[in-house]
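Reader: Could you walk me through how to read a few features of a protein model? I would like the general idea and then the case at hand.

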Amino acid sequence: MYTLVDYVQKWSQRQPEKLAVIFKNKEITYKELFDEISDFSKSFSFSKESVVSLLFENGYEFIIAFLGTMYAGHIPHIIPSNISNENLNLQLRAASSKVFVISSTCKNKFGKNIVKKPITFSEIKSSSNYLNIKKRSEIAYLLYTSGTTSNPKGVGVSHKSSIFTLSNIVKILKYNKNDINVLPLPLFHSFGLGCLNTSLFTGATLVLHENSNDLKKISRSMNVYKASTLAAVPSTLSKIMSVFNNSELIFLSNLRLICTNSTPISPNIVKFYQKLLSNGHLATYYGLTEASRSTFMIFDSEGRETSVGKPAPQIKIRIKKFLNNNKKGEIWINGPNVIKNYWNGEIDKNSFQKGWFRTGDIGYFDDCGFLYLIGRVDNAINVGGEKVFAEEVEGMIKKIPGIEEVVVKGVSHSQLGNVIKAFIEKRESHVVTKTQIIAYCIRNLERFKVPLEIEFVKYFPKNEYGKIKRFMLE
Amino acid sequence: MNNEVIKDHIKNIFFQVFPEMPESDFEWNKKQEQYENWDSFAQLQIIVMAEEIFHVKISDKYAIKICSGKDLMNTIKELKCIP
């Protein structure tokens, strides 16, 4: 059984002086990184395989603690650094974590009322009660799902599944050791973590940023280090389009790949970057934490800007069709990337059936085998007997200039039973009226899908993964 | 807000709710049943737009009586106390 650390070790032997990670102008080679990982792995004073909860912002400490825990044979449990006290306690309890390691800056934030006493990176490193673990864990790491509709669920990703997914990423997106990968995403999120893992798996160099707030800084780093790939969420790609003028965008034109994910990408963004990347590609993938990177989409000129691509090798995707529709249905996934169950053996028969994972996403395949997402089963609204997928209406409203974010829900109506209500966050300095929104929807949607109630909100309540808490909107 | 402005706004609402309707087909007395797509959804869309544009609240009592452009105009005038 190979682990990601085995690959880091391999690169530390084959290319010891090669830069593995660059963060805040500090550079660390593969040899230095592996030495740090090895050193950290000796910090634990227990030999039985255990969960080690880690709460760090982006940086070296994150990477070393994550891989050091893995190398020690324990299971790193990654916690978002912006988590609320309540959710932190919930995750620590649910994960049954043995140790809770935290960055010194976060320790002050979460000092009180935490169910597990936190210990800082430097404190745990200075302890010297090293006990060698007898058997390595099969689980590479533990993440919790974003839990937009329910409590977060633990997803233990095995080493086997992790290496399988990394191999698919490399095969399809052609990541290689010559890449300079710029990453302004949080490492605690599965997208960011996957990018970190890919870079180390391939022996490439990762230019890590604290976050995606400072676009100028990110663009400078791309020029200085001659970046070949960038990973960014659609909202960052959208900001790049508005912040930089055409002549400034040259820092992107030499990229061979921009990988995006997390939220649906607007066709305008796809078209813009396709044109900009004259020698490169924009790509995305589909897969929940439970079934990471199940499809890949490399956008080309064939006009499938809203597709999430085709299934990755060895991954089967089935559309469990609805009775009244011959094409659309719930997406089920089967393959080596799919977890068997949620953490702590909570048998979830609704989600796992005979090796298939029921995603709760609604989608369909086109005639060429490309998968399209429509919405979530949970977000389907019954309007006059017709099924309306919130995401379809949201996607349409988002096309209206001046709209920052939209959430659509079904609300009861005295005459019509259920009608569509849209909660809308406008962009600053943009004037958008309800009349404009309704008129636009009338022109572009079936009439029963048009929102009849519209509420403008200043901002949306979001969880630590940046996802809107839909259930809080009424 | 004078009568002409109200009329312009109302016509605009109707053309937005019934985008497929040619301008020449608009008549103030044309009834709900003469419109191809004036269903209960369209009815509510007219009301929501009118409420926003004219800054009024149209109660169910008024809403169910609106069956033509003229009805909407009379309702708005009544709510805005315009003779």
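Author: Gladly! Let us begin with a definition: a salt bridge is a side-chain nitrogen of Lys or Arg within 4 Å of a carboxyl oxygen of Asp or Glu. Keep in mind that this is a predicted model.

Reader: How many salt bridges does the structure hold over all chains?

Author: Over all chains there are 18 salt bridges. In one of them, the side chains of A:Arg376 and A:Asp361 meet at 2.9 Å, N to O. That pair links distant parts of the chain, with A:Arg376 in strand β20 (residues 371–376) of chain A and A:Asp361 in strand β19 (residues 356–365) of chain A, 15 residues apart.

Reader: Is A:Asp361 buried or exposed?

Author: The cut-off for buried is under 20% relative accessible area. A:Asp361 has 10% relative accessibility, so A:Asp361 counts as buried.

Reader: Which parts does the salt bridge of A:Arg427 and A:Glu404 tie together?

Author: Those two side chains meet at 3.0 Å, N to O. A:Arg427 lies in the loop between β24 (417–426) and α14 (434–444) of chain A, while A:Glu404 sits in strand β23 (residues 403–413) of chain A, so the bridge ties together parts that are 23 residues apart in sequence. There is also a salt-bridge network, which links A:Lys24, A:Glu210 and A:Lys217.

Reader: Now to strands. What should I look for in the side chains?

Author: In a regular strand the side chains alternate between the two faces of the sheet. Take strand β10 (residues 205–208) of chain A: A:Thr205 and A:Val207 on one side, and A:Leu206 and A:Leu208 on the other, are all buried.

Reader: Which strands are joined to β10(A) by bridges?

Author: Strand β1 (residues 19–23) of chain A runs parallel to β10(A), joined by three bridges, and A:Val21 stands opposite A:Leu206. Strand β9 (residues 180–183) of chain A is also parallel to β10(A), with four bridges, and A:Leu183 has A:Leu208 as its bridge partner. From β9(A) the chain crosses through helix α8 (residues 190–202) of chain A to β10(A), in a right-handed β-α-β crossover.

Reader: And the interface: how many residues of chain B are in contact with chain A?

Author: 16 residues of chain B touch 16 residues of chain A. About 1500 Å² is buried between the two chains, and carbon and sulfur atoms give 66% of that area. On the chain B side, B:Phe41, B:Gln45 and B:Glu52 lose the most area to chain A, together 39% of what that side buries. Between the chains the count is zero salt bridges, but there are four residue pairs in polar contact. α2(B) gives the most to the side of chain B that touches chain A, with nine residues.

Technical notes
Residues are numbered from 1 along each chain as its sequence is written. Chains are lettered from A and ligands numbered from 1 in the order in which they are written. This is a predicted model: local features need pLDDT of at least 70, side-chain atom pairs count only at pLDDT 80 or more; totals for chains, interfaces and linings use all residues. Side-chain values use heavy atoms; hydrogens and water are left out. Buried means under 20% relative accessible area, exposed over 50%, partly exposed in between (1.4 Å probe, protein chains only). Helices (H or I, at least four residues) and strands (E, at least two) are DSSP runs, numbered from the N terminus. Two strands pair if DSSP finds at least two bridges between them. A crossover is right-handed if, with the strands pointing away from the viewer, the path from the first strand over the helix to the second runs clockwise. Contact means heavy atoms within 4.5 Å. Buried area is the accessible area (1.4 Å probe) that two parts lose on being put together, summed over both. A polar contact is a pair of N or O atoms within 3.5 Å; within protein, one must be able to donate a hydrogen and the other to accept it, and residues adjacent in sequence count only if both atoms are side-chain atoms.
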